[in-house]
Amino acid sequence: MLKFRGLLLSSVLCFGTVSLRAQTPDTATIRGQVTDQTHAAVSGAGVELTHTLTGLVRKVTTQTDGAFSFAGLPTAGAYDIVVQKNGFSDAESKGVDLVSGTTATFDFVLKLTGTQSTVTVSGVAGDVRTDEPELGDYLTATQAEETPLLNRRITYLPLLDAANRQAINQGDVFMNEDLFTTNGTGRRQTWFEIDGADGVDAWGRQTIFTNVPLGAVQEMTILTSAFSAEYGLTAGSVVNIVTKSGSDQFHGYGLGLWRPSDAEARLSGFNSSNATSGNDVTNDSLRQASAGLSGPIGSGDGSGQHTQFSADVEYSWENRASPVISPVAPGNFVGLYRGWLAFFRIDHQINNHNQLFFRSDVDSFFDTNPNGIVGGNSLPTVDRVFKRRTYAAEMGVTSELSPSLLNNVRLQFQLASPITQFVPVVNGTEYSVPISTGGTFASGTSQSALLMNRQYEASDTVSHSSQRNTFKLGFDVIRAHTGGNSKEFGGPIYDGEFVYNTCTQPLAVCESPTYLDNIANVKTYTQSYGNANYTVDDTLVSAFVQDDFRLRPSLTLNLGLRYERQTFADSTKDFAPLVGFAYNVHGSAKTVIRSGFGIYYSQIVDNSEANYALTGPTGVFNYTAAPGQVGFPTSVASAPLPSFPAGAVVPLRSLYIRPGESTYLDQFFPTSTLIGYPSGLLNPYTEQWTLSVEREIVPGWVLTVDYVGSHTVKINRPLDVDPPSPFIRTAPDQVRSAQAANCTRPYWIYWYKLQGTTCNPVTAMNPQPPYSVIQSDANDGFATYNALDVNFSHRFTRGSSMLVSYTWSHAIDNVDPDIPSQNPNDPNFVNLQEKGNAIFDQRSRLVLSGFYTAPLGIRLGGIATLASGLPYNITTGVTNSGDTGATTDRPVINGVVVGRNAGTGRPIYSIDPFIERSFPLAAERLNLNLRAEAFNVFNHPNFVGYSGTWGDGATPGSGFGQPLAGTTNQLPARSVQFSAMVSF
């Protein structure tokens with residue numbers, strides 16, 4: 001075994017390159033001390049620990065100071081612990097549930113034979129935590145399974161903590177997962193940890209890399225402040241998931257779920273006759289089947305060896321109907337979502353000191369109408385099928401080198417093939433016809449995308465536990481190879497696009513082949529040229545040291561230091577110190593005061609390279625021609641053109657360039673003329689501080705009050721680094737033309753001076769510079785966040801559980817991280833001038849969740865969410881400054897330009913109840929569980945998107961401030977799910 005362990009450790013040390021959390025928080029530790037009734041240490045006492053799930057028994061004897069410890073303990077199932085010593089009565093603690101990544105403390109007081117010995121326990125599930133200043137919530141498998149979850153997706157579980165806010169208004173709805181923001185950070189800042197290994201894709205960090213079925217989750221810890229140096233590359237939440245292991249008995253279930261469209265309500269603000277897009281879904285039905293089986297493989301041979309397996313699979317059929325109002329093909333277009341999840345795990349207890357596990361997951365789905373592409377006047381011919389298919393395989397070894405020394409090794413391979421793929425149903429030329437009565441008829445598309453990701457991970461953590469401290473030292477390496485063809489949503493239009501003159505005739509004529517095939521009706525023709533392929537090889541490296549030192553029995557000092565390096569970025573000195581304490585008031589584990597300060601660096605997503613590659617000097621560009629110009633097709637049928645038109649002039653291009661590449665870019669233009677062009681691509685970092693008081697009011701009821709503050713700097717933002725001169729507006733309707741703005745750009749001034757001529761601010765004349773807007777990722781964004789978090793929880797006892805979570809917070813920034821369209825009002829003024837409420841600044845949020853077992857075995861429960869409205873940005877809807885594509889111009893109100901995100905949306909609330917009952921069947925261990933659950937049962941329209949277009953006048957235009965309809969602008973309307981489960 002020692003030879004095997006050495007080989008495995010050597011393979012880890014040689015395994016590729018490096019990343020984030022070098023920890024394995026899927027196991028727990030027990031430590032304690034045995035004393036007699038005079039408080040003297042009892043050495044040589046026998047301590048026996050029994051894992052009730054597998055029957056595994058581990059034994060140690062207490063040291064001279066009475067201390068003992070058990071490390072690397074699986075958290076699935078309960079533990080019994082017994083202490084024996086001649087001359088003393090036995091002491092025991094039974095049915096103890098541990099929490100992954102934590103240390104439970106047992107202080108036994110042995111008394112003479114004939115009297116009862118006692119034990120004081122802290123740090124187990126449901127108790128006040130006394131060892132670290134981490135903030136968050138812990139969910140058991142029962143709590144997860146009893147929570148109403150749309151489509152049974154576990155990514156909705158973090159919303160039970162009010163510090164997490166849903167991020168539906170920030171993109172990526174097509175992922176069919178929940179995205180959320182935490183502590184004033186972006187939607188790509190959540191770190192998922194599965195069985196001690198990375199659960200995040202380095203390419204885009206949209207959501208969990210490979211999801212697991214709900215039935216495979218043993219526990220989930222939602223850390224809204226993951227203090228320990230074991231975590232990194234994120235300033236948001238850490239979601240630590242531990243999957244289920246098998247036991248020494250067979251267990252299984254089969255579940256059928258359906259969500260009929262007849263019981264649902266339509267989204268607010270539209271009907272089948274006024275739908276403007278496919279986002280306006282008229283009905284949504286779901287059928288889902290899942291099954292799981294776990295148990296032993298063979299039987300123990302008496303040497304301490306045990307092997308168990310656990311498997312789970314889920315398949316979903318979902319149909320979403322979008323109304324098409326075009327007379328060409330009126331009716332409902334039914335988008336098909338088909339997805340399946342698979343999970344398999346084997347645990348092998350090699351002996352009493354070495355454990356091995358292997359886990360494999362598959363997450364695959366496709367959606368034939370992602371984000372409502374088809375609907376309204378958009379025909380099924382514009383449809384693109386979205387596909388995503390990911391795999392993960394992990395092996396872990398936990399070795400107890402001595403009673404106080406533990407080594408955890410994790411190896412993982414992750415494959416996304418694809419991570420994102422958009423496949424046009426009709427891959428051809430696009431046709432776009434503006435309709436005079438409103439809307440635009442669209443047909444055909446050639447925008448496709450195929451993006452892949454491979455990740456290799458190795459980590460090793462050594463932990464030393466003693467009566468006074470827990471010391472951890474570790475590293476983690478993730479090697480990611482990502483890239484492919486095109487951007488996330490599909491960029492280039494290689495087959496061309498015809499844009500027609502506004503059609504004033506009846507819809508049937510405007511959308512007829514006769515009208516579309518007539519080249520005389522075409523206003524412009526656009527076609528893309530250039531290379532859309534890119535690849536990124538990124539290595540994420542981290543090393544950490546963490547020491548939790550007990551200065552006194554009631555006071556623990558937490559010290560940590562972490563180093564990170566992301567090779568895709570240019571930062572090389574990302575050291576992150578952390579310091580904190582936990583004070584156990586009176587030593588009773590009833591009241592704890594905690595505080596911490598730490599620095600956390602954020603990863604730059606690898607798909608940033610798509611902007612640099614496709615929009616760089618050698619990337620893709622669009623050429624547009626009007627009738628009579630070079631490159632305008634002779635007929636509709638002659639598109640696409642076989643090559644760039646002979647004699648045509650390459651159009652004025654907008655660039656998006658990578659920071660820190662002056663040497664390369666100087667061959668195209670002198671970067672010395674740019675203003676604020678960054679010298680490197682830097683990782684943002686957050687300084688976070690917390691102060692927390694946790695109190696067990698009565699046994700099983702815990703109140704926690706936390707203050708969280710943070711300051712983030714070096715946030716990457718899109719910025720025009722060749723900006724026109726400032727255009728100061730003090731009244732409505734002030735507009736500068738794009739040509740006039742271009743003539744004031746530093747590069748343009750340089751270029752015309754080099755040519756010995758001047759720029760005409762009225763009319764563009766050849767020759768002219770090749771580039772107009774030149775954007776880059778500037779590291780000048782900042783954010784602040786202050787919050788009061790209150791959580792009141794009731795531990796699962798006698799069939800009940802409850803969590804009340806409330807957060808008041810204020811998030812302020814000068815750019816919203818991880819959100820599209822973050823251009824400033826004027827690129828010359830981006831600091832305090834852009835300071836405002838963050839787009840996810842939801843001041844108040846209250847979440848009540850739980851369940852209660854009533855008489856007759858009926859279980860009731862659910863989720864109630866009440867929250868204030870979200871901000872929205874107010875814009876003119878025109879480019880006042882003339883900096884086309886690089887500004888989001890805001891209106892002048894009362895003589896000044898209004899601030900960012902100054903609009904405020906409506907309050908949000910939702911009630912999601914459930915009711916269920918179990919019925920024993922003929923077999924003794926066979927049960928049938930029937931369940932009904934509703935989402936947004938009162939059908940309150942919960943809008944997250946609003947029309948922020950004020951217009952360029954003194955008064956707001958029609959529709960300003962009104963909520964927008966559709967799945968990307970409001971949370972789901974009422975729906976009802978039913979399920980039946982047979983288990984044994």
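Okay, let's start at D195, which sits in the loop between β12 (191–194) and β13 (197–198). Before going on, please keep in mind that this is a predicted model. Is D195 buried or exposed? D195 has a relative accessible area of 0%, so the residue is buried. Its backbone is worth a look too: phi of D195 is near 50°, a positive value, and D195 isn't a glycine. For context, most residues other than glycine have a negative phi.

There's a second residue like that, A589. Phi there is near 60°, again positive in a residue other than glycine. You'll find A589 in the loop between β31 and β32, and with a relative accessible area of 11%, A589 is buried.

How many salt bridges does the structure hold? The total is 31. The general idea is simple: side chains of opposite charge can pair when their charged atoms come close.

So, K590 pairs with E696, and the closest N and O atoms are 2.6 Å apart.

Now have a look at R745. This residue forms a salt bridge with D720, 2.8 Å from N to O. R745 is in the loop between α7 (738–742) and α8 (746–755), D720 is in strand β36 (residues 701–720), and they are 25 residues apart. R745 also meets D883 in a salt bridge, this time at 2.7 Å, N to O. D883 lies in the loop between β42 (871–872) and β43 (892–893), 138 residues away from R745.

Salt bridges that share partners join D195, R345, D347, R359, D361, E394 and R410 into one network.

Let's move to the surface. L846, L866, Y909 and F938 form a nonpolar patch there, with about 380 Å² of accessible area together. One of them, F938, is in the loop between β47 (927–935) and β48 (975–983). At 61% relative accessibility, F938 counts as exposed.

Next, a sheet. Four strands make an open sheet in the order β3-β2-β5-β6, with antiparallel pairing. Which strands stand at the edges? Those are β3 (57–61) and β6 (91–96); each has a single partner strand, so one side of each has no neighbour in the sheet. From one strand to the next, the twist averages 10°. If you zoom in, β5 (residues 79–84) and β6 pair over four bridges, in the antiparallel sense, and V83 has A91 in β6 as its bridge partner.

Last topic: peptide bonds. Most of them are trans. The one from S417 to P418, though, is cis, with omega near 10°, and P418 is in strand β22 (residues 405–424). The bond from A639 to P640 is also cis, with omega near 0°. P640 lies in the loop between β33 (621–625) and β34 (653–657).

Note on methods:
Residues are numbered from 1 along each chain as its sequence is written. This is a predicted model: local features need pLDDT of at least 70, side-chain atom pairs count only at pLDDT 80 or more; totals for chains, interfaces and linings use all residues. Side-chain values use heavy atoms; hydrogens and water are left out. A salt bridge is a side-chain nitrogen of Lys or Arg within 4 Å of a carboxyl oxygen of Asp or Glu. Helices (H or I, at least four residues) and strands (E, at least two) are DSSP runs, numbered from the N terminus. Patches are made of residues with over 30% relative accessible area and no salt bridge: like charges are joined within 9 Å, nonpolar side chains (Val, Leu, Ile, Met, Phe, Trp, Tyr) within 5 Å. Accessible areas come from the Shrake-Rupley method with a 1.4 Å probe; for residues, only the protein chains shown count as cover. Buried means under 20% relative accessible area, exposed over 50%, partly exposed in between (1.4 Å probe, protein chains only). Two strands pair if DSSP finds at least two bridges between them. Axes are lines fitted to C-alpha atoms, for helices over the stretch in contact, and angles run from 0 to 180 degrees between N-to-C directions.
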